[in-house]
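My notes follow in the order I took them.

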Amino acid sequence: MQTGRAAVTVLGLGSMGSALAGALLARGHATTVWNRSAHRAEALTERGATAAATPGEAVAASPLVIACVLDYPALHAVLDPVADSLAGRTLVNLTSGSPEQAAEAAAWARSHGADYLDGAIMTTPPGVGSPEMMFLYSGPREVFDSHRATLAALGDPLHLGTEPGLASLYDAALLGLMWAALTGWLHGTALVGAEGTPATAFTPVAIRWLSAVTGFLTTYAPQVDAGHYPGDDATVDVQIAAIDHLIHAAAARGIDNALPELLKATMERTRAAGHGSSSYAGVIEVLKATAGAR
Ligand code: NAP
(Lines give C-alpha, C1' and ligand atoms only; values in the text may rest on other atoms or scores of the structure.)
Protein backbone atom coordinates (compact mmCIF):
# COMPACT_ATOMS: atom_id res chain seq x y z
CA MET A 1 0.00 0.00 0.00
CA GLN A 2 1.44 3.41 -0.96
CA THR A 3 0.66 5.92 1.78
CA GLY A 4 3.21 8.61 0.96
CA ARG A 5 4.64 8.21 4.44
CA ALA A 6 8.39 7.87 4.98
CA ALA A 7 10.01 4.46 5.15
CA VAL A 8 11.40 3.63 8.59
CA THR A 9 13.63 0.90 9.99
CA VAL A 10 13.32 -0.27 13.59
CA LEU A 11 16.27 -2.11 15.14
CA GLY A 12 15.39 -4.00 18.33
CA LEU A 13 12.01 -5.65 18.79
CA GLY A 14 11.77 -6.10 22.53
CA SER A 15 8.62 -4.86 24.27
CA MET A 16 9.38 -1.28 23.34
CA GLY A 17 10.82 -1.75 19.86
CA SER A 18 7.83 -3.91 18.89
CA ALA A 19 5.47 -1.19 20.10
CA LEU A 20 7.39 1.44 18.09
CA ALA A 21 7.26 -0.63 14.92
CA GLY A 22 3.57 -1.37 15.52
CA ALA A 23 2.77 2.35 15.84
CA LEU A 24 4.61 3.11 12.59
CA LEU A 25 2.75 0.34 10.78
CA ALA A 26 -0.55 1.65 12.17
CA ARG A 27 0.23 5.05 10.62
CA GLY A 28 0.98 3.49 7.24
CA HIS A 29 4.78 3.75 7.24
CA ALA A 30 6.67 1.17 5.23
CA THR A 31 8.48 -0.42 8.17
CA THR A 32 11.53 -2.66 8.05
CA VAL A 33 12.40 -4.47 11.26
CA TRP A 34 15.35 -6.41 12.61
CA ASN A 35 15.94 -8.13 15.93
CA ARG A 36 18.78 -10.29 17.23
CA SER A 37 16.27 -13.05 17.98
CA ALA A 38 14.51 -13.23 14.64
CA HIS A 39 11.27 -14.79 15.89
CA ARG A 40 10.26 -11.48 17.49
CA ALA A 41 9.70 -10.02 14.01
CA GLU A 42 6.93 -12.48 13.18
CA ALA A 43 4.02 -10.62 14.82
CA LEU A 44 5.07 -7.49 12.93
CA THR A 45 5.53 -9.10 9.53
CA GLU A 46 1.98 -10.42 9.90
CA ARG A 47 0.95 -6.76 10.17
CA GLY A 48 2.88 -5.76 7.05
CA ALA A 49 6.42 -5.12 8.24
CA THR A 50 9.40 -6.31 6.22
CA ALA A 51 11.86 -8.42 8.21
CA ALA A 52 15.51 -7.77 7.35
CA ALA A 53 17.93 -10.67 7.64
CA THR A 54 20.80 -8.56 8.97
CA PRO A 55 21.28 -5.14 10.61
CA GLY A 56 23.03 -3.98 7.43
CA GLU A 57 20.03 -4.92 5.30
CA ALA A 58 17.74 -3.18 7.79
CA VAL A 59 19.76 0.04 7.78
CA ALA A 60 19.93 0.06 3.98
CA ALA A 61 16.14 -0.15 3.72
CA SER A 62 15.25 3.32 5.08
CA PRO A 63 16.59 6.86 5.39
CA LEU A 64 15.39 6.91 9.01
CA VAL A 65 16.65 4.23 11.40
CA ILE A 66 15.17 3.97 14.89
CA ALA A 67 17.13 1.89 17.39
CA CYS A 68 15.67 0.65 20.66
CA VAL A 69 17.71 -2.08 22.31
CA LEU A 70 18.52 -2.84 25.92
CA ASP A 71 21.49 -0.53 26.43
CA TYR A 72 24.42 1.14 24.69
CA PRO A 73 26.67 -1.95 24.60
CA ALA A 74 23.81 -3.69 22.74
CA LEU A 75 23.44 -0.68 20.43
CA HIS A 76 27.10 -0.83 19.50
CA ALA A 77 27.01 -4.60 19.15
CA VAL A 78 24.31 -4.13 16.50
CA LEU A 79 25.57 -1.01 14.73
CA ASP A 80 29.36 -1.02 14.92
CA PRO A 81 29.75 -3.74 12.26
CA VAL A 82 27.47 -1.81 9.85
CA ALA A 83 28.45 1.74 10.83
CA ASP A 84 29.45 2.75 7.31
CA SER A 85 26.01 1.96 5.94
CA LEU A 86 24.56 4.70 8.18
CA ALA A 87 26.17 7.43 6.03
CA GLY A 88 23.55 9.84 4.71
CA ARG A 89 20.84 8.44 6.98
CA THR A 90 19.37 9.58 10.28
CA LEU A 91 19.78 7.44 13.38
CA VAL A 92 17.21 8.07 16.11
CA ASN A 93 18.38 6.30 19.22
CA LEU A 94 15.60 5.55 21.71
CA THR A 95 17.77 3.23 23.80
CA SER A 96 17.93 4.44 27.42
CA GLY A 97 21.28 5.64 28.66
CA SER A 98 23.22 8.46 30.27
CA PRO A 99 23.74 11.93 28.74
CA GLU A 100 27.40 11.05 28.31
CA GLN A 101 26.54 7.89 26.37
CA ALA A 102 24.23 9.94 24.17
CA ALA A 103 26.97 12.47 23.46
CA GLU A 104 29.40 9.68 22.55
CA ALA A 105 26.83 8.03 20.27
CA ALA A 106 26.16 11.37 18.55
CA ALA A 107 29.87 11.84 17.87
CA TRP A 108 30.15 8.22 16.71
CA ALA A 109 27.21 8.65 14.29
CA ARG A 110 28.62 11.93 12.95
CA SER A 111 32.00 10.27 12.37
CA HIS A 112 30.19 7.77 10.13
CA GLY A 113 28.35 10.46 8.18
CA ALA A 114 24.96 9.98 9.87
CA ASP A 115 22.62 12.51 11.41
CA TYR A 116 21.73 11.64 14.99
CA LEU A 117 18.91 12.36 17.38
CA ASP A 118 18.85 10.99 20.87
CA GLY A 119 15.48 10.26 22.40
CA ALA A 120 13.74 9.19 25.57
CA ILE A 121 10.37 7.50 25.70
CA MET A 122 8.16 8.78 28.51
CA THR A 123 5.68 5.93 28.48
CA THR A 124 5.47 2.15 28.57
CA PRO A 125 4.78 0.08 25.41
CA PRO A 126 0.95 0.27 25.64
CA GLY A 127 1.18 4.08 25.54
CA VAL A 128 3.22 4.17 22.32
CA GLY A 129 1.23 5.72 19.47
CA SER A 130 -0.81 7.95 21.78
CA PRO A 131 -0.48 11.69 21.11
CA GLU A 132 -0.75 12.20 24.89
CA MET A 133 2.61 10.54 25.52
CA MET A 134 5.84 12.53 25.39
CA PHE A 135 8.84 11.44 23.36
CA LEU A 136 11.82 13.64 24.20
CA TYR A 137 14.47 14.39 21.57
CA SER A 138 17.79 16.22 21.48
CA GLY A 139 20.11 16.93 18.60
CA PRO A 140 20.17 19.22 15.56
CA ARG A 141 16.89 21.11 15.19
CA GLU A 142 16.78 20.71 11.41
CA VAL A 143 17.16 16.94 11.70
CA PHE A 144 14.30 16.84 14.21
CA ASP A 145 12.15 19.06 12.00
CA SER A 146 12.70 16.92 8.92
CA HIS A 147 11.53 13.77 10.74
CA ARG A 148 8.99 15.32 13.08
CA ALA A 149 5.94 14.10 11.19
CA THR A 150 7.22 10.52 11.23
CA LEU A 151 8.20 10.67 14.91
CA ALA A 152 4.69 11.91 15.73
CA ALA A 153 3.46 8.39 14.93
CA LEU A 154 5.11 7.27 18.18
CA GLY A 155 3.81 9.99 20.51
CA ASP A 156 4.10 13.74 21.02
CA PRO A 157 7.65 14.65 19.91
CA LEU A 158 9.31 17.36 22.03
CA HIS A 159 12.62 18.84 20.92
CA LEU A 160 14.62 19.90 24.00
CA GLY A 161 17.71 21.38 22.38
CA THR A 162 20.75 20.63 20.28
CA GLU A 163 22.94 19.06 23.00
CA PRO A 164 22.60 15.31 22.38
CA GLY A 165 22.53 14.42 26.09
CA LEU A 166 19.50 16.59 26.92
CA ALA A 167 16.85 13.92 26.29
CA SER A 168 18.66 11.48 28.61
CA LEU A 169 19.15 14.20 31.20
CA TYR A 170 15.42 15.07 31.21
CA ASP A 171 14.61 11.35 31.24
CA ALA A 172 16.71 10.84 34.39
CA ALA A 173 15.18 13.93 36.03
CA LEU A 174 11.63 12.87 35.18
CA LEU A 175 12.16 9.29 36.35
CA GLY A 176 13.49 10.66 39.65
CA LEU A 177 10.33 12.73 39.95
CA MET A 178 8.21 9.67 39.16
CA TRP A 179 9.94 7.44 41.73
CA ALA A 180 9.70 10.09 44.44
CA ALA A 181 6.00 10.65 43.69
CA LEU A 182 5.20 6.94 43.45
CA THR A 183 7.04 6.12 46.68
CA GLY A 184 5.32 9.00 48.46
CA TRP A 185 1.96 7.71 47.25
CA LEU A 186 2.79 4.16 48.35
CA HIS A 187 3.95 5.40 51.75
CA GLY A 188 0.67 7.26 52.18
CA THR A 189 -1.22 4.21 50.95
CA ALA A 190 0.53 2.04 53.55
CA LEU A 191 -0.26 4.62 56.24
CA VAL A 192 -4.00 4.85 55.58
CA GLY A 193 -4.02 1.13 54.79
CA ALA A 194 -2.91 0.46 58.37
CA GLU A 195 -6.34 1.76 59.40
CA GLY A 196 -8.15 -0.36 56.82
CA THR A 197 -8.45 2.13 53.92
CA PRO A 198 -7.92 0.37 50.58
CA ALA A 199 -5.57 1.90 48.02
CA THR A 200 -8.51 2.35 45.65
CA ALA A 201 -10.25 4.61 48.20
CA PHE A 202 -7.13 6.64 49.05
CA THR A 203 -5.99 7.16 45.47
CA PRO A 204 -8.72 9.53 44.16
CA VAL A 205 -7.96 11.82 47.12
CA ALA A 206 -4.23 11.48 46.44
CA ILE A 207 -4.77 12.42 42.79
CA ARG A 208 -6.67 15.58 43.76
CA TRP A 209 -3.80 16.47 46.10
CA LEU A 210 -1.25 15.88 43.32
CA SER A 211 -3.05 18.41 41.17
CA ALA A 212 -2.63 20.96 43.98
CA VAL A 213 1.04 19.96 44.16
CA THR A 214 1.49 20.75 40.46
CA GLY A 215 0.28 24.25 41.34
CA PHE A 216 3.12 24.51 43.88
CA LEU A 217 5.59 23.60 41.14
CA THR A 218 4.28 26.43 38.99
CA THR A 219 4.59 28.87 41.90
CA TYR A 220 8.08 27.71 42.90
CA ALA A 221 9.74 27.43 39.48
CA PRO A 222 10.22 31.20 39.07
CA GLN A 223 11.50 31.35 42.66
CA VAL A 224 14.14 28.71 41.84
CA ASP A 225 15.17 30.60 38.70
CA ALA A 226 15.41 33.86 40.66
CA GLY A 227 17.26 32.24 43.60
CA HIS A 228 14.77 33.98 45.88
CA TYR A 229 12.24 31.98 47.91
CA PRO A 230 9.75 34.20 49.72
CA GLY A 231 8.12 32.02 52.38
CA ASP A 232 4.79 33.75 52.17
CA ASP A 233 2.79 30.57 51.64
CA ALA A 234 4.53 28.06 53.94
CA THR A 235 8.07 28.11 55.27
CA VAL A 236 10.61 25.30 55.58
CA ASP A 237 10.31 25.66 59.38
CA VAL A 238 6.56 24.99 59.13
CA GLN A 239 7.16 21.96 56.87
CA ILE A 240 9.68 20.53 59.36
CA ALA A 241 7.04 20.69 62.09
CA ALA A 242 4.46 19.10 59.75
CA ILE A 243 6.66 16.21 58.69
CA ASP A 244 7.05 15.23 62.33
CA HIS A 245 3.32 14.41 62.34
CA LEU A 246 3.81 12.08 59.40
CA ILE A 247 6.84 10.43 61.01
CA HIS A 248 4.93 9.99 64.27
CA ALA A 249 1.78 8.60 62.60
CA ALA A 250 3.78 6.18 60.48
CA ALA A 251 5.98 5.00 63.36
CA ALA A 252 2.91 4.38 65.53
CA ARG A 253 1.56 2.06 62.81
CA GLY A 254 4.80 0.24 62.10
CA ILE A 255 5.23 1.88 58.69
CA ASP A 256 8.74 2.26 57.25
CA ASN A 257 9.88 5.84 57.75
CA ALA A 258 13.04 5.99 55.64
CA LEU A 259 11.49 8.33 53.06
CA PRO A 260 10.05 10.90 55.50
CA GLU A 261 13.27 10.78 57.56
CA LEU A 262 15.27 11.55 54.41
CA LEU A 263 12.94 14.42 53.55
CA LYS A 264 13.12 15.80 57.07
CA ALA A 265 16.93 15.61 57.06
CA THR A 266 16.99 17.51 53.75
CA MET A 267 14.69 20.20 55.16
CA GLU A 268 16.88 20.48 58.26
CA ARG A 269 19.95 20.97 56.10
CA THR A 270 18.02 23.68 54.28
CA ARG A 271 17.23 25.40 57.57
CA ALA A 272 20.88 25.07 58.65
CA ALA A 273 21.85 26.77 55.37
CA GLY A 274 19.79 29.78 56.44
CA HIS A 275 16.53 29.02 54.64
CA GLY A 276 14.19 28.15 57.53
CA SER A 277 11.92 31.05 56.64
CA SER A 278 12.09 30.38 52.89
CA SER A 279 9.42 28.59 50.90
CA TYR A 280 9.94 24.88 50.22
CA ALA A 281 11.67 25.91 46.98
CA GLY A 282 14.65 26.89 49.19
CA VAL A 283 15.48 23.15 49.43
CA ILE A 284 17.08 23.53 45.98
CA GLU A 285 19.92 25.32 47.75
CA VAL A 286 21.10 22.06 49.35
CA LEU A 287 20.37 19.96 46.25
CA LYS A 288 21.99 21.88 43.43
CA ALA A 289 25.59 21.55 42.40
CA THR A 290 27.88 23.83 44.33
CA ALA A 291 30.62 25.75 42.57
CA GLY A 292 33.54 23.40 41.92
CA ALA A 293 31.56 20.25 42.76
CA ARG A 294 30.88 19.27 39.15
P1 NAP B 1 13.34 -5.76 26.22
O2 NAP B 1 11.93 -6.16 25.98
O3 NAP B 1 14.13 -6.51 27.24
O4 NAP B 1 14.10 -5.81 24.81
C5 NAP B 1 15.51 -5.66 24.75
C6 NAP B 1 15.90 -5.59 23.30
O7 NAP B 1 17.33 -5.41 23.24
C8 NAP B 1 15.59 -6.88 22.53
O9 NAP B 1 15.27 -6.53 21.20
C10 NAP B 1 16.92 -7.61 22.61
O11 NAP B 1 17.09 -8.56 21.58
C12 NAP B 1 17.86 -6.46 22.42
N13 NAP B 1 19.23 -6.77 22.87
C14 NAP B 1 19.67 -6.93 24.11
N15 NAP B 1 21.00 -7.18 24.11
C16 NAP B 1 21.38 -7.20 22.81
C17 NAP B 1 22.63 -7.40 22.15
N18 NAP B 1 23.76 -7.62 22.84
N19 NAP B 1 22.65 -7.34 20.80
C20 NAP B 1 21.51 -7.10 20.09
N21 NAP B 1 20.28 -6.89 20.66
C22 NAP B 1 20.24 -6.94 22.01
O23 NAP B 1 13.44 -4.21 26.64
P24 NAP B 1 12.47 -3.01 26.20
O25 NAP B 1 11.46 -2.85 27.27
O26 NAP B 1 12.06 -3.18 24.79
O27 NAP B 1 13.48 -1.79 26.34
C28 NAP B 1 14.32 -1.38 25.26
C29 NAP B 1 14.86 0.01 25.58
O30 NAP B 1 13.75 0.90 25.73
C31 NAP B 1 15.66 0.05 26.88
O32 NAP B 1 16.76 0.93 26.74
C33 NAP B 1 14.65 0.61 27.85
O34 NAP B 1 15.25 1.28 28.95
C35 NAP B 1 13.88 1.58 26.96
N36 NAP B 1 12.56 1.92 27.51
C37 NAP B 1 11.69 0.94 27.82
C38 NAP B 1 10.46 1.28 28.38
C39 NAP B 1 9.46 0.23 28.77
O40 NAP B 1 8.46 0.57 29.40
N41 NAP B 1 9.66 -1.03 28.41
C42 NAP B 1 10.14 2.64 28.59
C43 NAP B 1 11.05 3.63 28.20
C44 NAP B 1 12.27 3.26 27.67
P45 NAP B 1 16.64 -10.09 21.81
O46 NAP B 1 15.16 -10.13 21.58
O47 NAP B 1 17.42 -10.85 20.80
O48 NAP B 1 17.00 -10.43 23.24
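**Entry 1: a loop residue**

I began with Ala53, which sits in the loop between β3 (50–51) and α3 (55–60). I take helices (H or I, at least four residues) and strands (E, at least two) as DSSP runs, numbered from the N terminus. This is a predicted model, so I ask for pLDDT of at least 70 for local features and 80 or more for side-chain atom pairs, while totals for chains, interfaces and linings use all residues. Residues are numbered from 1 along each chain as its sequence is written, and side-chain values use heavy atoms, with hydrogens and water left out.

Is Ala53 buried or exposed? Ala53 is exposed, at a relative accessible area of 59%. My cut-offs are under 20% relative accessible area for buried, over 50% for exposed, and partly exposed in between (1.4 Å probe, protein chains only).

**Entry 2: the whole protein**

I counted 11 helices and 8 strands in the protein. The C-alpha trace spans about 65 × 50 × 30 Å along its principal axes. The protein has 294 residues, and buried ones make up 39% of them. Its accessible surface comes to about 15300 Å², and 60% of that belongs to carbon and sulfur atoms. These areas come from the Shrake-Rupley method with a 1.4 Å probe; for residues, only the protein chains shown count as cover.

I then looked at contacts, meaning heavy atoms within 4.5 Å. Of the contacts between residues at least 6 apart in sequence, 62% join residues at least 24 apart.

The protein is divided into domain 1 (8–163) and domain 2 (194–292). These bounds come from an automatic or database domain assignment. I find the C-alpha centres of domain 1 and domain 2 39 Å apart.

**Entry 3: helix α9**

Does the span of α9 agree with expectation, or disagree? I put the question as: what should its 17 residues span? At 1.5 Å a residue they should span 24 Å, and the end C-alpha atoms of α9 are 24 Å apart, which agrees. The expected span is 1.5 Å times one less than the number of residues.

Which residues of α9 are buried? I list Val236, Ile240, Ile243, Ile247 and Ala250. They cover an arc of only 85° around the axis, so they lie on the same side of α9. The arc is that of the directions from the helix axis to the C-beta atoms. An α-helix has 3.6 residues a turn, so residues three or four places apart point the same way.

The buried residues of α9 pack against α7 and α10. On the other side of α9, His245, His248 and Ala252 are exposed. Just after α9, Gly254 takes a positive phi of about 70°.

**Entry 4: salt bridges**

How many salt bridges does a search of the whole structure find? It finds 6. I count a salt bridge when a side-chain nitrogen of Lys or Arg is within 4 Å of a carboxyl oxygen of Asp or Glu.

Arg253 and Glu195 form one of them, 2.6 Å from N to O. Arg253 lies in the loop between α9 (236–252) and α10 (258–275), and Glu195 in the loop between α7 (166–193) and α8 (199–226), so the pair ties together parts 58 residues apart in sequence. Arg253 is partly exposed at 36%, and Glu195 is exposed at 56%.

Lys264 pairs with Asp244, with the closest N and O atoms 2.8 Å apart. Lys264 is in helix α10 and Asp244 in helix α9, so this pair ties together parts 20 residues apart in sequence. Lys264 is buried at 17%, whereas Asp244 is partly exposed at 33%.

Glu285 and Lys288 also meet in a salt bridge, at 3.1 Å from N to O. Glu285 is partly exposed at 28%, as is Lys288 at 41%. Salt bridges that share partners join Asp244, Lys264 and Glu268 into one network.

**Entry 5: Gln223**

I ended on Gln223, in helix α8. Gln223 counts as buried, at 10% relative accessibility. Leaving aside neighbours within four places in sequence, Gln223 is in contact with His228, Tyr229, Pro230, Ser279 and Ala281.
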